[in-house]
Amino acid sequence: MTFFGRSGLAIKAAGIGAALLFSASTGHAQSSGPFAGFDGAWTGTGTVSLSDGSTERIRCKADYKVAGSGLNLKQALHCASDSYKFDLTSDVTSQGERISGNWSESSRNIFGNLQGTAGGGQIDVFVEANGFAANLSLRTNGSKQTVQISSKGEIRGVNITMTKS
């Protein structure tokens, strides 16, 4: 079974990819603002769980650029498993602890929005596209960071651990 062979899974996987944009740690002090410590290259692994109970390992590489006095974040994310891959870009802005932005997955011409909060080593985000929605919880501890994503669709969960390269 291929990951994108199911109807609508491309949108759902891209949404999960968008949610992964926050897989950078806020535990490093580089600048002020909610994206402090995000700049740089990150790598990690984890699992994707599907509604049929199956799971696949996932590998990710990300590059984050913080600008605008630490209030803007641009991201490029590349993830792959044995049966799929996606390339995602995102542009996120902060207004205090509130964050919002847009994302796109270029190979499938899919795009959506994200919104949530950031601060104190924690990020909580709601990610959506046409026909897909997911919640993301991010926790940091030093240079290690975990991402948990949950959805009620075909993709039920994603768990990834990332470290700064």
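Here is a friendly note on this predicted model, point by point.

1. **Ground rules.** Residues are numbered from 1 along each chain as its sequence is written, and side-chain values use heavy atoms, with hydrogens and water left out. Because this is a predicted model, local features need pLDDT of at least 70 and side-chain atom pairs count only at pLDDT 80 or more, while totals for chains, interfaces and linings use all residues.

2. **Confidence.** Start with pLDDT, the predictor's confidence in each residue, from 0 to 100. The protein chain has a mean pLDDT of 76, and 79% of its residues reach 70 or more. Confidence is highest in strand E5 (residues 98–105), at 89, and lowest in helix H1 (residues 9–19), at a mean of 49. (Helices, H or I with at least four residues, and strands, E with at least two, are DSSP runs numbered from the N terminus.)

3. **Where to be careful.** Over residues 1–8 pLDDT stays under 50, and the model has 24 contacts beyond four places in sequence for them; contact means heavy atoms within 4.5 Å. Residues 22–30 also stay under 50, with 47 such contacts. Where pLDDT is low, the predicted coordinates should not be read in detail.

4. **The overall fold.** Look for a closed barrel of 10 strands, running from E1 through to E10 in order with antiparallel pairing. Neighbouring strands of this sheet are turned by 20° against each other on average, direction ignored. Those angles come from axes, which are lines fitted to C-alpha atoms (for helices over the stretch in contact), and run from 0 to 180 degrees between N-to-C directions. Two strands pair if DSSP finds at least two bridges between them.

5. **E3 and its two partners.** On one side, nine bridges join E3 to strand E2 (residues 55–67), and the two run antiparallel. Here alanine 67 stands opposite asparagine 72. The E2 and E3 hairpin has four residues between the strands, and its glycine 68 takes a positive phi near 60°. E3 (residues 72–80) also pairs with E4 (residues 85–95) in the antiparallel sense over nine bridges, in a hairpin with four residues between them. In that pairing asparagine 72 stands opposite threonine 93, and alanine 76 opposite threonine 89.

6. **Salt bridges.** The structure holds two salt bridges, each a side-chain nitrogen of Lys or Arg within 4 Å of a carboxyl oxygen of Asp or Glu. One joins lysine 65 to aspartate 63 (3.0 Å, N to O). Aspartate 63 is partly exposed, at 32% relative accessible area. In another, the closest N and O atoms of lysine 74 and aspartate 91 are 3.2 Å apart. This pair links distant parts of the chain, with lysine 74 in E3 and aspartate 91 in E4, 17 residues apart. Aspartate 91 counts as partly exposed because its relative accessibility is 34%.

7. **Serine 94.** A polar atom of its side chain lies 2.7 Å from the backbone oxygen of glycine 96. Leaving aside neighbours within four places in sequence, serine 94 is in contact with Pro34, Phe35, Leu71 and Ile99.

Technical notes
A polar contact is a pair of N or O atoms within 3.5 Å; within protein, one must be able to donate a hydrogen and the other to accept it, and residues adjacent in sequence count only if both atoms are side-chain atoms. Buried means under 20% relative accessible area, exposed over 50%, partly exposed in between (1.4 Å probe, protein chains only).
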